Amino acid sequence: MAINLGGVALGVAIVLVRLIRWVLAEKRRPAALVPFVLAHLYGMLAALAALGSVSALGIATWATVWAANVAGYTGLVWGVGGTAPDVTRAQQLALTPGGYVIVFLLTAVLFALWKWAPRVPNGELMQGSFSGVSVALSGTVAGIAAVPLGSSANLLGSWFTGAFA
């Protein structure tokens, strides 16, 4: 699946709106950004791990990219009269088996936060993960930021598999 410029623009727009809310409504409290930022990073990692695979996470990331593409295309083309070309990175980072373990564990943590953490707004988790998936596949800065994220997951995964294998 490819991401178009509209999908990336939508992901960046979510980040910008969230930052404005953080500055104006949440008085720049760093703790207020934590759920969104962590969910955003998770969304980027999920897109790297599962897009194109036949799995529950793969289907969820595909649906997110599709929704971002459609909404972003509509906003750019029909909303402001622009275009929405494909901006997908040429190569995606491959995760190791340990990296996939880390993605699995983070998925469990995100689900637990979504389900049972009353002080963590579910909307922030949803917006963060949606925007993360939307920008992770782009070929520019957001796509480049996914490389250290995937490499970190692979490193943590090698430690995990070394401890339990």
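User: Which residues touch the most other members in the largest nonpolar core?
Analyst: This is a predicted model. In it, Met 44, Leu 45 and Leu 95 touch the most other members of that core, which has 18 residues.

User: Which elements give two or more residues to this core?
Analyst: They are α2 (30-50), α4 (97-116), α5 and α6 (141-164). The most comes from α2, with five residues.

User: What about a second core?
Analyst: There is a separate one of seven residues. Among its members are Ala 39, Tyr 42, Val 120 and Leu 125.

User: Let's turn to α5. How many residues has it, and what does it span?
Analyst: Helix α5 covers residues 122-136, so 15 residues by the DSSP run. From first C-alpha to last it reaches 21 Å, close to the 21 Å expected at 1.5 Å a residue.

User: And which residues of α5 are buried?
Analyst: Glu 124, Leu 125, Gly 128, Ser 129 and Ser 131 are buried.

User: Where is Lys 27?
Analyst: Lys 27 sits in the loop between α1 (5-24) and α2. Arg 28 is in the loop between α1 and α2 too, with a positive phi of about 60°.

User: Is Lys 27 buried or exposed, and why?
Analyst: Exposed, because its relative accessibility is 63% and the cut-off is over 50%. Arg 28 counts as exposed as well, at 53%.

Terms used:
Residues are numbered from 1 along each chain as its sequence is written. This is a predicted model: local features need pLDDT of at least 70, side-chain atom pairs count only at pLDDT 80 or more; totals for chains, interfaces and linings use all residues. Side-chain values use heavy atoms; hydrogens and water are left out. Helices (H or I, at least four residues) and strands (E, at least two) are DSSP runs, numbered from the N terminus. The expected span of a helix is 1.5 Å times one less than its number of residues. Buried means under 20% relative accessible area, exposed over 50%, partly exposed in between (1.4 Å probe, protein chains only). A nonpolar core is a set of buried Ala, Val, Leu, Ile, Met, Phe, Trp, Tyr and Cys residues joined through side-chain atoms within 4.5 Å.
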